[in-house]
Amino acid sequence: MPLTTEQQCIIDDVKSGQHVSVTALPGSGKSRVAYELIRQCTEDESVVLLMYNRSLCESTTEQIQQLDIAPNRRVKAFTFHGLASSLTGTACHNDRRIVGVLTSQSQPKWHMDDFTLLIIDEGQD
């Protein structure tokens with residue numbers, strides 16, 4: 001199914017360097033836009049996808065694996081807690097632990113600067 005004009009405009013805006021926030025009803029195609037944006041990225045671009053819950057993160061990871069993208073492309077999907085755990089090397093299973101790690105001033109294991117695109121899907125709660 002081809003993208004709608006609105007969906008392609010979102011992708012074009014992101015590719016031109018604009019920061020974009022998309023608010024729409026469930027089932028309107030927000031995740032589809034994210035997958036298409038990843039598919040259209042160049043090989044030198046890398047993506048972090050951030051999801052609210054684990055089941056969405058797992059299904060998103062499966063969808064990404066089905067995209068026709070180069071195997072050397074860096075595309076990582078995380079929950080908020082999973083991202084904190086990956087960045088710090090410390091299990092962050094709840095918000096209190098994230099705050100504790102952030103206030104400890106420990107050095108991150110990697111940097112978000114290593115990625116060119118951050119996509120937050122279902123960031124509502």
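Residues are called buried at under 20% relative accessible area, exposed at over 50%, and partly exposed in between, as found with a 1.4 Å probe on protein chains only. The views show a predicted model, in which local features need pLDDT of at least 70 and side-chain atom pairs count only at pLDDT 80 or more, whereas totals for chains, interfaces and linings use all residues. Residue numbers run from 1 along each chain as its sequence is written, and side-chain values use heavy atoms, with hydrogens and water left out.

**View A. Q107 in the loop between α5 and β3.** Helices (H or I, at least four residues) and strands (E, at least two) are DSSP runs, numbered from the N terminus. Q107 counts as exposed because its relative accessible area is 63%. From the C-alpha atom of Q107 to that of D12 the separation is 35 Å, and the two residues are 95 apart along the chain. D12 belongs to helix α1. With 41% relative accessibility, D12 is partly exposed. Between the C-alpha atoms of D12 and W110 there are 29 Å, for a spacing of 98 residues along the chain.

**View B. The two ends of α5.** After α5 comes Q105, which has a positive phi near 60°.

**View C. T88 in helix α4 (residues 80–88).** T88 is buried, because its relative accessibility is 15%. Its side chain reaches the backbone oxygen of A84 at 2.8 Å. A polar contact is a pair of N or O atoms within 3.5 Å; within protein, one atom must be able to donate a hydrogen and the other to accept it, and residues adjacent in sequence count only if both atoms are side-chain atoms. Leaving out residues up to four places away in sequence, T88 touches V101 and K109; contact here means heavy atoms within 4.5 Å.

**View D. The second largest pocket and its lining.** Pockets are found on a 1 Å grid over the protein atoms alone: a pocket is an open set of points with protein on both sides within 12 Å along at least five of seven lines, whereas a cavity is a set of points where a 1.4 Å probe fits but cannot get out; lining residues have an atom within 4 Å of a point. This pocket holds about 180 Å³ of space, a volume being the space filled by probe spheres set on grid points that are joined across faces, edges and corners. Its lining includes T88, together with F80, L83, A84, L87, I98, V101, L102, S106 and P108. Helices α4 and α5 (95–103) each supply at least two lining residues, and α4 gives the most, five. Eight of the lining residues are nonpolar, two are polar and none is charged. In this count Ala, Val, Leu, Ile, Met, Phe, Trp, Tyr, Cys and Pro are nonpolar, Asp, Glu, Lys and Arg are charged, and the others, Gly among them, are polar.

**View E. The largest nonpolar core, of 18 residues.** A nonpolar core is a set of buried Ala, Val, Leu, Ile, Met, Phe, Trp, Tyr and Cys residues joined through side-chain atoms within 4.5 Å. The residues with the most contacts inside this core are L37, I38, V47, L49, M51, L117 and I119. At least two core residues come from each of α1 (5–15), α2 (30–40), β1 (47–51), α3 (54–66) and β3 (117–121). Helix α2 provides the largest share, five residues. L37 touches I11, V14, K15, L117 and I119, apart from residues up to four places away in sequence. Another core, of seven residues, lies apart from this one and includes V48, F78, L83 and L87.

**View F. E36 in helix α2.** E36 is buried because its relative accessible area is 12%. Its side chain makes a polar contact with the side chain of Q40, at 2.9 Å. In a helix, residues three or four places apart point the same way, because an α-helix has 3.6 residues a turn. With residues up to four places away in sequence set aside, E36 touches L3 and I11.

**View G. S46, in the loop between α2 and β1, and V47, in strand β1.** S46 is buried, with 4% relative accessibility. Beyond its neighbours within four places in sequence, S46 is in contact with R74, D114, F115, T116 and L117. V47 is buried as well, at 0% relative accessibility. V47 and F115 are 68 residues apart in sequence, yet their C-alpha atoms are 5.7 Å apart.
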